[in-house]
Every structure is written in C-alpha cells, then in structure tokens.
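Trainee: Hi! Could you walk me through this one while I have it open?

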Amino acid sequence: MSQMRAQRVGEQMKKELSDILMREVKDPRVEFVTVTGVDVTGDLQHATVYVTVLGESEEKEETLKALRQAKGFIRSEIGKRINLRKTPDIEFDFDESIAYGNRIEKLINDLKKEE
C-alpha cells in the first residue's frame, strides 16, 4: 500500500518539479532540464529526481550544481504545492537510460550497415 502511495507522490512531484523548473527557477544553467522520473522511498522521506540535460558534460555538471544549490527553494515550492505532512528530501541525479538507449540503437544500426 505504501509503495502505491510513494508512486503517486513521485508522479505528482515530477509534474510539479517540471513546472517549477520551467517557471520559477531563474538560474540560466537550469534552462534545458527535463525531469524524467522521481523515486520516492516508501516512508516518503527521500526522493531521487532523475533529470536529463541538453548539452556537453561540463554544462551538465554545472546544471546539476545549480539544481543542488536551488534544492531548498525547490523543496519549499513542492511543499506548498503538494499537501504532505513532511516534504521529502530531494536529491538530483542524471538519468543515464536515454544515453544508454541511444548507444544501443547506434550499435544495432552499425551492425545492420556491416551486413
């Protein structure tokens, strides 16, 4: 039961985080960020936010640094928008699944070209 609630809270947080990053955060380093997923623990105390960033690896690191600096503001905005007893602590991490999928697709296409 708590896992279903954690998933619902994660989906709501994903929606609200996307809106906050697009409209509220004014840092130019956070312009090309897409929230791809949010994993919330069963006790709703911690949330890991997975993001993808458009750009080179240096820009990605700067974006992650900016997100971590704005974590307090983002968490307070989430607390205002979602009615929870305690707002989960937020950690930001890169979502490597898209890059991994692109790499697999490239390898498959290369194999097709060789045949």
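Trainee: Which residues form a nonpolar patch on the surface?

Mentor: Good place to start, and keep in mind that this is a predicted model. The patch is made of Tyr 100, Ile 104, Leu 107 and Ile 108, and together they have about 370 Å² of accessible area.

Trainee: Where is Ile 108 found?

Mentor: Ile 108 sits in helix 4, which covers residues 97-114.

Trainee: And why does Ile 108 count as partly exposed?

Mentor: Its relative accessible area is 43%.

Trainee: Let's go inside. Which residues touch the most other members of the largest nonpolar core?

Mentor: Met 13, Val 51 and Ile 74 do, in a core of 28 residues. Two or more residues each come from helix 1 (2-23), strand 1 (33-40), strand 2 (46-53), helix 2 (57-69), helix 3 (71-81) and strand 3 (89-94). Helix 1 gives the most, with six residues. As a general background point, nonpolar side chains tend to be buried together in soluble globular proteins.

Trainee: What does Met 13 touch?

Mentor: Leaving out residues up to four places away in sequence, Met 13 touches Val 38, Val 40, Ala 47, Ile 78, Ile 82, Pro 88 and Ile 90.

Trainee: Ile 78 makes me curious about helix 3. Which residues are buried there?

Mentor: Ile 74, Glu 77 and Ile 78 are the buried ones in helix 3. They span an arc of only 100° around the axis, so they lie on the same side of helix 3.

Trainee: What do the buried residues of helix 3 pack against?

Mentor: Their partners are helix 1, helix 2 and strand 3. On the face of helix 3 turned away from the buried side, you'll find the exposed residues Gly 72 and Lys 80.

Trainee: New topic: where does Leu 44 lie?

Mentor: Look at the loop between strand 1 and strand 2. Phi of Leu 44 is near 60°, a positive value in a residue other than glycine.

Trainee: Is Leu 44 buried or exposed?

Mentor: Leu 44 is buried, because its relative accessibility is 11% and the cut-off for buried is under 20%.

Trainee: Last one. Where is Thr 52, and what is Thr 52 in contact with?

Mentor: Thr 52 is in strand 2. Apart from neighbours within four places in sequence, its contacts are Phe 32, Val 33, Thr 34, Thr 36, Asp 95 and Ile 98. Thr 52 also counts as buried, at 17% relative accessibility.

Key. Residues are numbered from 1 along each chain as its sequence is written. This is a predicted model: local features need pLDDT of at least 70, side-chain atom pairs count only at pLDDT 80 or more; totals for chains, interfaces and linings use all residues. Side-chain values use heavy atoms; hydrogens and water are left out. A nonpolar core is a set of buried Ala, Val, Leu, Ile, Met, Phe, Trp, Tyr and Cys residues joined through side-chain atoms within 4.5 Å. Buried means under 20% relative accessible area, exposed over 50%, partly exposed in between (1.4 Å probe, protein chains only). Helices (H or I, at least four residues) and strands (E, at least two) are DSSP runs, numbered from the N terminus. Contact means heavy atoms within 4.5 Å. The arc is that of the directions from the helix axis to the C-beta atoms. Patches are made of residues with over 30% relative accessible area and no salt bridge: like charges are joined within 9 Å, nonpolar side chains (Val, Leu, Ile, Met, Phe, Trp, Tyr) within 5 Å. Accessible areas come from the Shrake-Rupley method with a 1.4 Å probe; for residues, only the protein chains shown count as cover. A salt bridge is a side-chain nitrogen of Lys or Arg within 4 Å of a carboxyl oxygen of Asp or Glu.
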